[in-house]
Protein chains: 2
Amino acid sequence: MHDELLIELQQTIEQQIPMCASMGIHVHGDGETGLVLRAPLDRNRNRQQTAFAGSLNALCTVAGWGMVYLITRRDGNFGDIVIRRSSIKYLRPVDSEQILATCAPVAQPDLDHFLEMLRSKGQAKLELRAEVLCDGDLAVAFSGSYVVLGT
Amino acid sequence: MHDELLIELQQTIEQQIPMCASMGIHVHGDGETGLVLRAPLDRNRNRQQTAFAGSLNALCTVAGWGMVYLITRRDGNFGDIVIRRSSIKYLRPVDSEQILATCAPVAQPDLDHFLEMLRSKGQAKLELRAEVLCDGDLAVAFSGSYVVLGT
């Protein structure tokens, strides 16, 4: 994780959102497959010693938030990012020691439209998808709608 | 909170799900309006000093889980309760010192059907709704689908 913006995202998450620090959320990496956040199972477990649904949702929510953070900051926009709605499917238990949530990259036409709206209207919406795999299988499928109120 | 089962629910949540303890989730009460859980804003805040979306979702998720816990235990069933999917709308920021999530009671016909399925098939599904109010306005609307694998 060498990108300065990824380090800034990590600091923002852990210093400004106490529950992200409690969950142990870390920016794992950002690449072609998307933005990856991780959290340890140990402190995010449920009664069955698998990942707590609330933690899985929070990790995906922050992965999407982080993706919007990177997109907007790289475009020179420092507006507030809020999530308006989300839906999530818990398809199988997650029992890996580290829980990894990946927010998929945004398709270029959608990205162009989003940035154009943000620049011209000062507000724009982005639909994002995130997922958690466990042993190679899709365990969690998340989609969220984020809004940026530009500066 | 005098009901022994509510005390058991509180202990289960805080002793067996570390993030619920970190969030400071407490069983606030159970009555005609539903099961109410609360958590302090302070440790569940975001960058804007309002409630973190991940915490709001977790609180609603656990409120629904707790409702199924009460329903099944009161019927003598001690099976595992899991959430299969949920959706949530964040309609306005929550800035009250205590965040209260209320899981609405289950209509009697739905409850009868659920318990009948659980007794006869050993498995049953329940759709639940929870909400968070702030200053009297609906701030968060949550719906979740829970499955009980009976014993």
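**Figure 1. Arg119(B) and its salt-bridge partner in the predicted model.** Arg119(B) is exposed, with a relative accessible area of 56%. This is a predicted model. The side chain of Arg119(B) meets that of Asp75(B) in a salt bridge, 2.6 Å from N to O. The pair links distant parts of the chain. Asp75(B) sits in the loop between α3 and β3 (80–90) of chain B, and Arg119(B) in helix α4 of chain B, 44 residues apart. Asp75(B) counts as partly exposed, at 28% relative accessibility.

Figure 2. Helix α4 covers residues 108–121 of chain B. Its 14 residues, at 1.5 Å a residue, should span 20 Å. The end C-alpha atoms are 19 Å apart, which agrees. Leu111(B), Phe114(B), Leu115(B) and Leu118(B) are buried in α4(B). Down the helix axis, the buried residues of α4(B) fall within an arc of 90°, so they line one face. They pack against α3 (53–74), β5 (123–134) and β6 (137–149) of chain B. The face turned away from the buried side carries exposed residues: Pro109(B), Glu116(B), Ser120(B) and Lys121(B). Just after α4(B) comes Gly122(B), with a positive phi of about 75°.

**Figure 3. Asp30(B) and Arg74(B) joined by a salt bridge.** The closest N and O atoms of Asp30(B) and Arg74(B) are 3.3 Å apart, and the two form a salt bridge. Asp30(B) lies in strand β1 (residues 26–31) of chain B and Arg74(B) in helix α3 of chain B, so the pair ties together parts 44 residues apart in sequence. Asp30(B) counts as partly exposed, at 32% relative accessibility. Arg74(B) also counts as partly exposed, at 48%.

Figure 4. Asp3(A) is placed in the segment before α1 (4–16) of chain A. Its side chain meets that of Arg74(A) in a salt bridge, 2.9 Å from N to O. This pair links distant parts of the chain, with Arg74(A) in helix α3 of chain A, 71 residues from Asp3(A). Asp3(A) is partly exposed, with a relative accessible area of 32%. Arg74(A) counts as partly exposed at 48% relative accessibility. Salt bridges that share partners join Asp3(A), Asp30(A) and Arg74(A) into one network. Over all chains, the structure holds 16 salt bridges.

**Figure 5. Helix α3 of chain A, an enclosed helix.** Helix α3 covers residues 53–74 of chain A. At 1.5 Å a residue, its 22 residues should span 32 Å; the end C-alpha atoms are 32 Å apart, which agrees. Of the 22 residues of α3(A), 21 are buried, so the helix is largely enclosed by the rest of the structure. Just after α3(A), Gly76(A) takes a positive phi of about 80°.

Figure 6. A rotation of 180°, with 0.0 Å of shift along its axis, superposes chain B on chain A (RMSD 0.0 Å). That is the relation of a two-fold axis. In chain B, the C-alpha nearest the axis belongs to Ser87(B), 2.0 Å from it. The same surface serves both copies, as 100% of the contact residues of chain B recur in chain A. Contact involves 35 residues of chain B and 35 residues of chain A. The area buried between the chains is about 2,700 Å², and carbon and sulfur atoms give 60% of it. Met19(B), Arg47(B) and Phe52(B) lose the most area in chain B, together 26% of what that side buries. Between chain B and chain A, the count of salt bridges is zero.

Terms used: Residues numbered from 1 in each chain as written. Chains lettered and ligands numbered in written order. Predicted model: local features only at pLDDT ≥ 70, side-chain atom pairs only at ≥ 80, totals over all residues. Heavy atoms only, no water. Helix = DSSP H or I, 4+ residues; strand = E, 2+ residues; numbered from the N terminus. Expected span 1.5 Å × (residues − 1). Buried < 20%, exposed > 50% of the residue type's maximum accessible area, 1.4 Å probe, protein only. Arc of directions from axis to C-beta. Contact = heavy atoms within 4.5 Å. Least-squares fit on C-alpha atoms with pLDDT ≥ 70 in both. Buried area = accessible area lost by both parts, 1.4 Å probe. Salt bridge = Lys/Arg side-chain N within 4 Å of Asp/Glu carboxyl O.
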